[in-house]
Amino acid sequence: MTDIRRAVLWVVLTMSLLMLWDGWQKHNGQPSLFSPSKPAATAPSAAASGSAGVPAPAAAGLPAAGAASAAPAAVPVVSQKLVIETDVLRVSIDTLGGDVVRAELPHYLSTFTPEITDQLLQTVGLQKKPDFKPEPIVLFDAAESYRAQTGLVGTKGEQLPTHHTLFAVASEDRVLKEGANELSLRLESAEVGGVKLIKTYTFKRGSYAIGVKHEVVNASGAPVAPQLYVQLVRAAATQGGNVPFAPTYTGPALYTDKAKFHKLEFKDIEKGKLDFEKSASDGWVAMVQHYFTSAWLHGGDAKREFFANKVAGTGGPTYAVGMLYSLPELAPGASAAQEDILFAGPQEENKLAALAPGLELVKDYGIFSILSKPLFWLLDKLHGILGNWGWAIVALVVLLKIAFYWLNASAYRSMAKMKAVAPRINEMRERLKDKPQEMQAEMMRIYKEEKVNPVGGCLPIFLQMPFFIALYWVLLSTVEMRQAPWIGWITDLSVRDPYFILPLIMLAANLFQVWLNPPAADPMQQKMMWIMPIVFGIMFFAFPSGLVLYWVTNTVLGIAQQWLINRQLGVN
């Protein structure tokens, strides 16, 4: 038995170290040990970069939703990437189609902060590369065919400016100047089918919401009734996130006031399993990932059609989600305009809610969102008072412990009584081990005599679990934890403890709590009671320090309350 236990512990330890190393590799841009490396990204051609299936009426002669559209024949074009810089964004816009092809968020680093990186490298005995520099988070990215596109569709099949059309630059400023509050970039297409499309991107200081104005000018001699589409295109991505064992959602999503929030899995788009409201007078579409999102928003009540398609491309399949608007019929010489918002930034719940109804739902709280929302509200208020997210986590757990004090007291009192009668139970089991029926009757008599409820310690804890699971998801999904310090060596609550101090405290606390609990009657069960906290504690070595801080605080407070109750009842 000792050999088996030793083997199990070695397997657990080896797998934990393997997962830690795998996480370290992925954080540094290396391929995962458990999945094949991604093929090297190639620069998309003009055709491939714009392939997207935009649904339209049958008269337009375009593929319906769910089908891959054929890109027009590739023609030699000369495009350029325009780089726009504000205080919070660095955006690249391709003049071919006027697409947003890259968005860097300089306030959010995609790797560890320099302090964390130095500590981690020293922990594993490595030296930092002299040229090491943390990179900012990138949302739109040509390497993943991830881009924001817009264009026009003719209702009668006529060719109009699309995201395949080359645009000319009609403004010069590229950097938000000191003291200025906004910066605009104006792009004008050549006439296609007698129609010109003008896109104006407006960037505001301190904002991740980009204003996008579309002006449609009918320069032809006949009326035209165009449709405007806005879409987000991205290659399929696996479920992501920074936390092992708890992958977060990555993929398209849409929202309407009637149908509410709806996730569209890449695999469902691939199979054509699309069950969502196809048209509405409100709503938005988004590409969601852990901590960040991009979204097309429209504040008006304009009628819109939603679509989600698989898109053909030379670099492999990509997927588009978007909205299609019908513009008023334009007489010769007439024009029409529509204003939209392209959001590309962090999932800051309060700011998202102010941008559009339901946009805060891109922050994934799991199945306990009804509890997670008020818990985040309380956590946010505590942070406003304390000014530190780490201490806000500690304070919130303390408040929850106070709220559940009497419920916990009932559970701990029951466990203390169980520990007190454990010697009598063990003696009785040994004496009646060959008489199971008498053993059961005698056990029930002892429980009744000592007023012990064998399940009394489980029910109160079970009733609290939804609240603590909800808080777990709040901490897992809150972007404010990124690069947020607590004390001393904890300089980022969203990454694991560089010295594993909190996980070691967690492991010790778990083992001490087992010692406080009544011993199991069966020797094998008792061994498992000691092994499971070790396995559970080792898992926490890979978890973000904010989550470990929450569990450590909860466990230590539980131990303190249980110890006090044990003393009150005279249980050692």
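First, some ground rules. This is a predicted model, so keep in mind that local features need pLDDT of at least 70 and side-chain atom pairs count only at pLDDT 80 or more, while totals for chains, interfaces and linings use all residues. Residues are numbered from 1 along each chain as its sequence is written, and side-chain values use heavy atoms, with hydrogens and water left out.

**Stop 1: the sheet**

Colour the strands. Helices (H or I, at least four residues) and strands (E, at least two) are DSSP runs, numbered from the N terminus. Nine strands make an open sheet in the order E6-E7-E8-E9-E18-E15-E14-E11-E12, with antiparallel pairing. Two strands pair if DSSP finds at least two bridges between them. Now select 167-169 and 260-263: these are E6 and E12, the edge strands, and each has a single partner, so one side of each has no neighbour in the sheet. On average, neighbouring strands of this sheet are turned by 20° against each other, direction ignored; the axes are lines fitted to C-alpha atoms, and angles in general run from 0 to 180 degrees between N-to-C directions.

Next, select 251-256, which is E11; four bridges pair it with E12 in the antiparallel sense. Show Tyr255 and look across to its bridge partner in E12, Phe261.

**Stop 2: strand E14**

Select 284-288. Is E14 enclosed or open? Five of its five residues are buried, so the strand is largely enclosed by the rest of the structure. (Buried means under 20% relative accessible area, exposed over 50%, and partly exposed in between, using a 1.4 Å probe and protein chains only.) Show the side chains: Trp284, Ala286 and Val288 are on one side, Val285 and Met287 on the other, and all are buried.

E14 runs antiparallel to E11, joined by five bridges, and antiparallel to E15 (residues 292-297), joined by four. Click Val285: Leu254 stands opposite it, and Val285 also stands opposite Trp296 in E15. Then go to the hairpin of E14 and E15, where three residues sit between the strands and Tyr291 takes a positive phi near 80°.

**Stop 3: the cavities**

A cavity is a set of points on a 1 Å grid over the protein atoms alone where a 1.4 Å probe fits but cannot get out, and lining residues have an atom within 4 Å of a point. Grid points are joined across faces, edges and corners, and a volume is the space filled by probe spheres set on the points.

How many cavities of 30 Å³ or more are there? The count is three. Of its 10 lining residues, the closest to the centre are Tyr291, Leu475, Leu493, Pro544 and Leu547. Helix H10 (459-477) and helix H13 (545-568) each give two or more residues to this lining.

The second largest cavity has a volume of about 50 Å³. Its lining includes Val288, Tyr291, Asp364 and Ser477.

**Stop 4: two single residues**

Select Gln227 in strand E10 (residues 226-235). Gln227 is buried, with a relative accessible area of 3%.

Finish at Ala508 in helix H11 (residues 501-516). Ala508 is partly exposed, at 45% relative accessible area. Draw a distance to Ile534: the two C-alpha atoms are 8.9 Å apart, with the residues 26 apart along the chain.

Terms used: On a 1 Å grid over the protein atoms alone, a cavity is a set of points where a 1.4 Å probe fits but cannot get out, and a pocket is an open set with protein on both sides within 12 Å along at least five of seven lines; lining residues have an atom within 4 Å of a point.
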